[in-house]
Amino acid sequence: MPDLGHAALLTGFVIAAYTAVASFVSARGRVGELWLSARNGVYAAFGLTTIASGALLYGLLTHDFRIKYVAEYTSRSQSPLYNFAAWWAGLEGSLLFWAWLLSLFAVIVLIQSRRNNRELIPYVSAVTMALLAYFLGMMGFAMNPFETLPVAPADGMGLNPLLDNPGMLFHPTFLYMGYVGFTIPFAFAIAALMSGRLSTDWIRASRRWTLFAWFALGLGNLFGAQWAYTVLGWGGYWGWDPVENASFMPWLVGTAFLHSVMIQERRGMLKVWNILLIIIAFSLCLFGTMVTRSGILSSVHSFSSGSAGPLFLALLTAVAAGSLGLLWLRLPALRSENQLDSLVSRESSFLLNNLLLVGAAFAIFWGSVFPLLSEAVRGVKTTVGPPFFKEVTGPIFLALLLLMGICPLIGWRKASAENLARNFLFPSGVGVTTGILLFALGMRPLFAALAFAVLAFVAASILLEFYRGVRARRRSRGENYAIAVPRLIWANKPRYGGYIVHIGVILIALGVVGSQMFATNVEATVKPGETIQIRNYVLTYQGLTSYTEGSKEIVAATLDVQRGGQSLGNIVASKSFAANREEPRTDVAIRSDPREDLYTILSGWSEDGSATFKVLINPLVMWIWVGGAVLLLGTAIAFWPDARAEERLPVTERVPAKGMRPSHA
Amino acid sequence: MPKAIIVGALMGLLMVGGLLMAAPRPQAATASGPPTVDDLTDELMCQCDCGMTLANCFESMECSVSGSMASEIQQQIDQGKSKGEISDYFVAQYGEAVLASPRKSGFGLAAWTIPFLTIAVGGGATAWLVWLWARRRGPRVYQTTAGAQDAGPLGRYEDQVDEDLKALE
C-alpha cells in the first residue's frame with residue numbers, strides 16, 4: 001500500500017505537470033485536441049491524488065505502522081475518527097489533503113464550466129494543475145507521507161492529546177478548504193490576465209468560489225477559537241499566534257475583495273485593485289501554509305522545519321512575482337470604464353473599507369514578520385505578541401465596524417445631503433444614545449462604551465435597511481411582516497444575505513468586546529467544602545476523583561455553583577493524561593449563558609485533597625458562537641443560486657448616456 | 001425633532017438596557033497601585049519555546065518555566081519594584097524577546113507606527129485620487145460592464161466533441 005500511494009503521487013505529479021503545460025499550450029494555440037487531453041488530465045490527476053489519499057487513509061485506519069506517518073499520528077487505542085483525522089494532523093499528510101482538495105476543486109470547476117467561461121477555463125486548469133504538480137512534487141520527492149520505517153513499531157504514538165478533540169475534525173479542514181478555495185478565484189484572475197478577457201467574466205465565474213473560500217476560512221477560524229477556548233484552558237479564544245494570524249490575514253483581504261468586486265461589477269472600476277487583492281489573498285494563503293508547516297515563526301501550531309520552509313518560500317515567490325509581472329503587462333488594458341463621481345458615495349466608502357481591511361491585514365502581517373526584521377536589522381530577537389495586536393488592530397476594527405454601518409446608508413455614485421440626512425438620523429440616534437448612556441452610567445474604559453455605541457449604530461443601520469425593504473413590499477404587495485421579511489431576503493439573496501453576515505459580525509464583535517474588556521478572574525487553592533467567590537458566583541469545592549477512560553487517566557474536580565444565592569448545579573473541571581504522553585490535557589468546565597461564561601480550570605491538586613482553580617467570568621462569549629451561526633446562515637443565503645440575478649442590471653446600464661441626466665442614482 | 005431621531009434614541013435606550021442586563025456592570029476606572037503578577041504575565045513571554053505569554057502557557061501547559069517566572073515576578077513585586085523595573089529585570093535576564101510586544105522606542109517604535117502610517121498614507125492617496133476623479137470627471141458616458149458570453153473556438157470544439165460522443169452513445 002505505501003508503494004501504491006507513492007507511485008500514485010509520482011504519477012500524479014507527472015500528469016498534473018503535463019496537464020498544466022497542455023492546458024496552457026491549448027489555450028494559447030487554440031488546439032482543441034490538446035485541450036481535450038488536458039481536460040482528461042485534470043480528471044486523471046484527481047483520480048491519482050484520490051488513490052494516494054486512499055492509500056494513506058487505509059494505512060491510518062488499519063494501523064500499518066510500517067508507514068512512519070501512521071506510526072507518528074495514530075495508535076491502536078485512538079478512535080477511528082481521530083485516526084482518520086490524522087490525515088491532516090502532520091506535515092506530509094496535510095500536504096496530501098491540500099493537494100486532494102485542490103484536485104477536487106479543479107474537477108468541480110471543470111464540470112461547472114462545461115457551458116460557459118470556455119476561454120478562461122484552460123488557463124484556470126493550467127494554474128490549478130501547476131500548483132497541484134508542485135504539491136505532488138514536494139510530496140513525491142521531499143516530504144513523502146508514505147516513507148516507511150525499517151522496523152514497524154507495535155503501536156503508534158497517536159495524536160497529541162490537545163488534538164484529540166472534535167475541533168480536529170472541523171478546524172483544520174475548513175481552514176484548508178479556505179486556503180485551497182482561494183486558489184480558484186486566483187486562477188480565474190490569472191486566466192483573465194493571460195487570456196486578455198479582462199471584463200467581469202472572471203469575477204462572476206469565481207464569485208461563489210470566493211464566497212466559499214472566505215466562508216470556510218472564517219468558519220475554520222471560529223472552530224479554532226472554540227477549540228482553543230474549551231481545551232487549551234487559558235480562558236481565551238484568540239491568542240494572536242503567528243499561525244492564527246496567518247489564517248486571519250487572507251480572510252481580511254478576501255473580505256476586501258468581496259466588497260470591491262461589487263464596484264467592478266456595477267461600475268467597471270477598480271480592475272487592477274481587484275486582481276491585486278486576489279493575488280494578495282492567495283499569496284497570504286500560501287504564506288499561512290508556509291508559516292504553519294515551516295516553523296519559520298515561533299508558534300504553538302508549528303509542525304517541523306526541514307525542507308518545507310524553503311520549498312514554500314520558493315512557491316510563494318514564484319506565485320507573487322509571476323502574477324504581479326503578468327498584472328504589470330496587462331495594466332494598459334485594465335483601465336476603469338468609469339470614474340468616481342464624489343467623495344461621498346458608496347464607492348468611496350467601499351474604498352475606505354478596502355483600505356482598512358487591507359490595512360488591518362498589513363498590521364497583522366507587519367507584527368508577524370517584525371521579529372524576523374528586528375533580528376535581521378539589529379541582530380536582536382524581539383517578540384510581537386497579543387498586547388501589540390490588540391492595541392494596533394483594535395482601533396482599525398472599530399473603524400471598520402463603523403464603516404460597516406455607514407456603507408449601506410450612502411447611495412451609489414453621489415449621495416445628496418437629503419439622502420444622508422434621511423438615512424443617518426435613525427442609526428445615529430441609536431448609536432449616540434447608546435454611547436452617551438453607557439458612559440454616563442459609568443462604563444469604562446471609554447473604548448468599550450464607544451465600541452458598543454458603534455455596534456448599536458451598525459445594528460440600527462441594518463435594521464433600517466430591512467425595515468425599508470419590508471415597508472416597500474407591504475405597500476406594493478400588501479404582504480404582512482411575517483411574509484414580507486423572508487420574501488424580501490429571497491428576492492435579493494446576495495444583498496440581504498450580506499446584511500445577515502453583517503449581523504453575524506456584529507454579534508461576534510459584541511462577544512469580543514464584552515469578553516476582552518470585562519473579563520475577571522480569581523485563582524485559589526481550596527480544600528473540599530471550601531468556597532471560591534467571584535462576582536456574584538460562589539463555587540464550593542466538592543472533591544477530587546480519578547478514573548480511567550479508555551487509555552486515559554482522568555483527574556476530575558467537582559464544584560457546586562451558586563449565583564446570587566441560587567443553585568446552578570455542579571460543574572466538573574478535569575485534566576486527562578494519555579498513556580503515551582507526558583503532557584496532560586485540560587478540560588475546562590464552562591457554564592455558559594447569554595450574559596456570561598463561568599470558566600473554571602483545574603490548575604493543580606495536592607495529596608491532601610486540596611485543589612487549585614482558576615475561575616474566570618468571560619462576559620458575552622456565547623454571542624461569538626451565535627454570531628458564527630448567523631454568519632453561516634447569511635453566507636448560505638448569499639451563496640444560494642439566484643435565478644433573478646440576470647434580471648438585475650448593473651447601475652451603469654440604468655444610467656442614460658451622453659447628455660442625458662440620470663433618472664436616479 | 002425628526003421622528004427618526006426619537007425612534008433611534010428609544011432604540012438606543014433599549015440597547016443600553018439589554019447590554020446592562022446581559023453584559024457586565026459598568027466598571028469604574030481601576031486605581032493605579034503596585035503591579036500584580038497578572039499585570040505582568042500577560043506582557044511577558046514564557047521562555048519554554050511554546051510561543052505563548054506567561055499567562056497562557058501557565059494555564060494551558062504543564063510548564064515549570066512559566067511557574068518559576070511567575071514566582072520571580074512575585075519576588076520582584078515583593079521588593080517594591082514597579083512594572084517597568086520588573087520588565088527591565090526580565091529583559092536583563094532573558095533578552096528583549098521576553099517582552100510580549102516591542103518597546104515603544106528606538107527600532108521597536110517602527111512596529112507600532114508603521115501600520116497606522118501606512119493606512120494614513122493610503123487613505124490620503126485614496127482621498128486625493130477620488131477628489132481628482134470627481135473634479136475631472138467628463139461627460140457622463142457610462143459603459144456597460146456586462147460582457148457577452150462567447151464560447152470561443154475551444155468551447156465550440158468541446159461542444160462538437162460532446163455532440164459526437166452523445167451520438168456514439
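Colleague: What percentage of the 665 residues in chain A is buried?

Modeller: Buried residues (20 or more other C-beta atoms within 10 Å of their own, with C-beta atoms placed from the backbone) make up 55% of chain A. This is a predicted model, where local features need pLDDT of at least 70, side-chain atom pairs count only at pLDDT 80 or more, and totals for chains, interfaces and linings use all residues. Residues are numbered from 1 along each chain as its sequence is written, while chains are lettered from A and ligands numbered from 1 in the order in which they are written.

Colleague: How many helices and strands are in chain A?

Modeller: Helices (H or I, at least four residues) and strands (E, at least two) are DSSP runs, numbered from the N terminus. Chain A has 20 helices and 9 strands.

Colleague: How do strands of a sheet pair?

Modeller: They pair through backbone hydrogen bonds, either parallel or antiparallel. Here two strands pair if DSSP finds at least two bridges between them. In chain A, an open sheet of 5 strands runs in the order S2-S3-S4-S5-S6, with antiparallel pairing.

Colleague: Which strands stand at the edges?

Modeller: S2 (531–534) and S6 (585–587) of chain A each have a single partner strand, so one side of each lacks a neighbour in the sheet.

Colleague: How many bridges join S3 and S4 of chain A?

Modeller: S3 (residues 537–549) and S4 (residues 552–563) of chain A pair over 12 bridges in the antiparallel sense. Val538(A) has Gln562(A) in S4(A) as its bridge partner.

Colleague: Where is there a hairpin?

Modeller: S7(A) and S8(A) form a hairpin, with 3 residues between them. These antiparallel strands are joined by 4 bridges, and Arg591(A) stands opposite Leu598(A) in S8(A).

Note on methods: A residue is buried if 20 or more other C-beta atoms lie within 10 Å of its own, exposed if 12 or fewer, and partly exposed in between; C-beta atoms are placed from the backbone.
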